[in-house]
Amino acid sequence: MAEWNAYYRNDGDDEEEQEEGEQSGGSYKITGRDSLVFLVDASKEMFIKGEDGQPSNFDMTMQVVRSVYSSKIISSHRDLVALVFYGTEESKNPRNSFKHVYVYHDLDEPGAKRVQEVDALRGDEGAKLAAKTMGSGETSLGDALWCCANLYSDIKLRLSHKRLMIFTCRDEPHIGDSTKDRQARTKANDLKETGVIIDLMHLMKPGGFDVAPFFRDIVSPPEDESELGLQLEPCNKLDDLQKRVRAKELRKRTMARLNLCLGEGINVAVGMYATAVTAKKPVPIRLYRETNEPVRSKTRTFHTQTGSLLLPSEIKKSQTYGKKQIVMEKDEVDSIKKFEDPGLHLIGFKPMERLKLHHHIRPAVFLYPEEDEMKGSSCLVSALLTKCSERNVFALCRCVSRRNCAPRFVALVPQNEQVDEAKTQITPPGFNVIFLPFADDMRTLDPPQCPTASDTQVDKMKEIVSKLRFKYRSGAFENPVIQQHYRNLEALALDMMAPEDIEDLIMPKVDQIDRRLGPLSDEFKDMVYPPGYNPDGKPAAKRKTAENGGGAEKKPKIEVGVDELKAHMQNGTIGKLTVPVLKEACKQLGIRTTGTKKQELIDALTAQLGS
Amino acid sequence: MAGSRSALVLCMDVGLSMSNNAPGEESAYEQAKKVMQKFVQRQVFAETKDELALVLFGTDSTNNRLDQDGQYQNITVHRHLMIPDFELLEEIENQIQPENSQADWLDALVVCMDLIKTETKDKKYDRFIIALLTDLSTQASSEHLDVIIENLKQTDITLQFFLPFPAEEDEDENGGRDADRRGPGHPGTGKGLTSEQRDGLDMVKHVMLTLDEDEGLGEIYTFRNAIEQLRMFKRIEKRPTAWPCQLTIGSCLSIRIIGYKAVTDEKMKKMWVTVDAQSNQREDVKRETVYCLDDDNETEVQMDDTIQGFRYGSDIVPFSKVDQDQMKYRHDGKCFAVLGFTKQSLVQRHHFMGNQVMKIFPAKDDEHAAVALSSLIRALDELEMVAIVRYAYNKVSNPQVGAAFPCVKQNYECLMYVQLPFMEDLRLFTFPSLENNKKFTPSESQLSAVDSLIDSMMLVEEEEDGEKKDLFKVHQIPNPAFQRHFQCLHHRALNPDTPLPAMEPWLKAALERPEVISERCKAPLGDVKKQFPLTEVEKKKQLKTSAQIFGKDSEEPDAKKAKGDEEEGEYNLADIAEGSVTSVGSVDPARDFRTLIKQKTLPFGEACQQLTHRIEQLLSNKNTHYYMKSITCIQAFREQSIKLENADLYNSYLQSLKRSIPNRGLGVFWDLLVQVSCF
């Protein structure tokens, strides 16, 4: 769980962490860091600009690298990233043993400086800079791969995931030099054997990019022998490239591997993936003022009186209800939450229209079969998927996502695979897991009885709606809060005078809206609002009367007699009297009270009147 | 409406006839007591401001205000009107018992009315309720019945009766109109009622129907039904807070609205408090966080000597709170502004973010706003579109982007707002195709097996009258976590020294597949089992969890295991953070050992043991390279032992090693060791 949170950078205070953990759920066994090497062709061909001022392949690649760098900084700064060029004139690598390979960035965590350095390679200026520092020269992909292999082996940290992406527009880099081809194949195989996954991000080339003769042997075979691994069409658009890189750059991590139990001992292994998690501003780190080095925090629990440290066995947990303190061991508190072992249990199926829009309590997760855990899972899930979507039903399941986590009911909503024209997957095949609310989560509202609009009014609004139509795309908006935060950090890290301005994409473009609507908004207002009605005005009327009358008119004093007080004491109902009444009673009886708390007043009275 | 509350008097018959029971059945007394217990329990845990009094009748003694001249005898006010607590629950459990007298239930009712009258004056209540639990076996004098009814009407007291038998027995037998509600086999229905009971029942019906012609009889319950209804702890209810705002479209068009949370991931209201195990006092426990430098001495630094910083990739940027506040993103506060309109189908259900749904209504008592909002809702509904809006709760909260869906119901209309993801929130994963993979493509027979499984497991059925019936409505099930929580708290409060109880059977059953479905799907499931061979894959050696490394007993209770898990999580975190270690590995044992000692991950002795184990492994290889590695280990061992001023383990290990050199033919190694190290 801790790792999960670290991944999303929201390991805040305990409470929050717990909640988050519950939502994202799951912990994983694999530890270590993810790594990604960009191996970019720097040959002359890469710098040729496209038609109509389209950016060159090199420029496009740098933009993508830049965006990966900055997104890594935000979402997974502990991942290691390297940028290596091949086919350069100059050489720069750790032992300078490879010619025409230029290690621009060693495998390391991306930082502000690196982002700047990649920025420097963008655009026309960037091309000039690249020509000056690296130049274009001979190509030996074998050497380049070897060099990358060294980068990996020089890393002392444990790497859990290694990926290498080749960006090139040349399908035959060695132009028929079979020795070099062979060498490259051997090196690629060596890399793959050490667990590196090699991807090809092939770019547009006049005459088309043919993967078959050379690169087919270089890249890693696609996962699970599907056809999708190798993108046969080259990328020619920045968007496409970005999408492709994005899809691969992040490692899929399950938040939980569970069994989906259909009943009668039929268990299917499935993985749950968090595909939408609220990104939060990171938590601050404490630094020592003198040196700016991070300090570690230690939390200790000790006894207030003796000052001795308390062991976990020396503390308990308590809650108070109905004036009674209820105490439990920490273990018991945990065990209350346990209902059953983690897993999904099929209850039945319901037609899709039974899944109400407002039955939403937390972001959905994605479910995909885990063939590696249980052979045959993919086939059964595939069959369920086909039939559920054909019949337009969802599966209702009871779900315990982690140990010691209470059950929730979820709807497994079928999602068929969709690919775009470039064969990039837009939606993966599997089930979306929608968490359903319990009775406690539904609040009782009392909807007001209101007049409704007439058809002409509705029609006018329809015109307004049509004028402001746009095509919404999930994730089209950046979070201004997070963006601003990182711009600020960037400015401070790079000693910039002021942070770069951000565009607040979720700010309504008021001028544009007004222009598009033209007279429509006034026409609508004339239809629904009477003259002189101001919807922006605050309903201040009520307040005023309260102010006028409220101050002077205090509640009349309520007095209680001694007998009544005594009666209350005997009945044990003295607590029901209000503080002013009790105070008044004290005054009457001549009791001096220092306290103003109810219990103090009651104690004083009880002491005076005796029992 | 804060402070709204009701006053309720429980009035229970503990008289002689109540303890009669048919063989194998609980007595009316026991049942009535259960009803009260369950009810009070719910009140206590719901922590409402409702107040409660308890009046017993049929008691041997008499204690009430009206006790005079032999009137109102054998009626005891056990507890005055106040907020119920555990004391009351304990009293019901331990003090109340069946007694040997009888009292007129109408007299008892009068005592209750008097109690409400005297104890509720000067304070505001919005409801008065008297609940009578009796078997009606005592002859009641109907003399003042009219006066009583008139009084009840005047004081606006709601009367409820809890009886051991149903009030409308005859109808049960005739048409069974209410059979569903009443349930079968109530005790008492079989053996018939005594004449007193019949008279009593007639009187009860008379009273109830006079008070409320239509619904009066609905307030007469049987014990059994009440127990069933009350077994659930009250659902957590929160008064919805209104969020008034303006919906804006551009700069010219705005509509006054009011928003309410309609669905939200409800959490337990109370948190656990840490207390000292001996005194049970929270004041005795203090938590303190100290900061220390990451050096060998773990030098402590004062909070004041630290500043705040943030990570920017590999850089750590000092960024004070003041600067942060000054530079942070600012906005104009509360808003609900339309960015544009889009097709409903473009907003994907599985991209709903946040953990709530808000319903938007027009501002209160503003019919113009109502009409304006209604036009928007209807326009969107008819065009199947949604509004994409910018939403900010207030000035200090972060703005969101979200969708406002139209919702047109029979008796009301509203917009429903749900948060949508930002670019930063989405993780777009690619998964291998299932369809295009021949290995996973299900055959026709496999597909039809799944088809009939779905048929047999449909939870929504069409009834004869064309009505659709949902067999499993999740949003009507109480959150089992809360139910279980209160069950355990309740148990512990009343039985402090006993272990926690098992889960209540009804709760367990409520979470299971409905019986009908289970029966129906047996055969199709069998078919699926036959059609789809599933074999568990033999796991490759998994990375050891810390629990395994430390040899934790797998038989430990689950709670403990979970703890182990948490620890594991922490290690993982540390792992990422510093590439740290949980045991002495074989790659760089010396480094691992140093880290372990520094971080105090393992006790010193255990770390040493792991290290010497590695050294022995290395030495079994008889190769200079491995010898050198062993030597670095021994050096680390020595260095750390000196640092910790605990050289016993080191010395004894080295001595035993030296002794074993000749036997193991490790002369070369020893020479090397002597050469490299300068002892």
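This section describes the interface between chains A and B, then one residue of chain B. The model is a predicted one.

The two chains meet through 224 residues of chain B and 229 residues of chain A. About 22,000 Å² is buried between them. Carbon and sulfur atoms give 61% of that area. On the chain B side, B:Tyr312, B:Arg427 and B:Phe431 supply 4% of the area buried against chain A, more than any other three residues.

Between chain B and chain A, 16 salt bridges are counted. One salt bridge joins the side chains of B:Glu266 and A:Arg443, with an N to O distance of 3.4 Å. Helix H17 of chain B, residues 558-578, gives the most to the side that touches chain A, with 15 residues. That side of chain B comprises 113 nonpolar, 66 charged and 45 polar residues.

UniProt, in an unreviewed entry, lists residues 298-437 of chain B as "domain: Ku". This span is 40% strand and 17% helix. Its end C-alpha atoms lie 57 Å apart.

B:Pro318 lies in strand S13 of chain B, residues 315-318. Leaving aside residues up to four places away in sequence, B:Pro318 touches A:Leu287, A:Asn292 and A:Leu492 in chain A, and B:Ile307, B:Gln308 and B:Gly309 in chain B. B:Ile307 is 11 residues away along the chain, and its C-alpha atom is separated from that of B:Pro318 by 7.1 Å. The relative accessible area of B:Pro318 is 32%, so this residue is partly exposed.

Notes. Residues are numbered from 1 along each chain as its sequence is written. Chains are lettered from A and ligands numbered from 1 in the order in which they are written. This is a predicted model: local features need pLDDT of at least 70, side-chain atom pairs count only at pLDDT 80 or more; totals for chains, interfaces and linings use all residues. Side-chain values use heavy atoms; hydrogens and water are left out. Helices (H or I, at least four residues) and strands (E, at least two) are DSSP runs, numbered from the N terminus. Buried means under 20% relative accessible area, exposed over 50%, partly exposed in between (1.4 Å probe, protein chains only). Contact means heavy atoms within 4.5 Å. UniProt positions are given in the numbering used here, feature names are shortened, and annotations may be inferred rather than shown by experiment. Buried area is the accessible area (1.4 Å probe) that two parts lose on being put together, summed over both. A salt bridge is a side-chain nitrogen of Lys or Arg within 4 Å of a carboxyl oxygen of Asp or Glu. Ala, Val, Leu, Ile, Met, Phe, Trp, Tyr, Cys and Pro count as nonpolar, Asp, Glu, Lys and Arg as charged, and the others, Gly among them, as polar.
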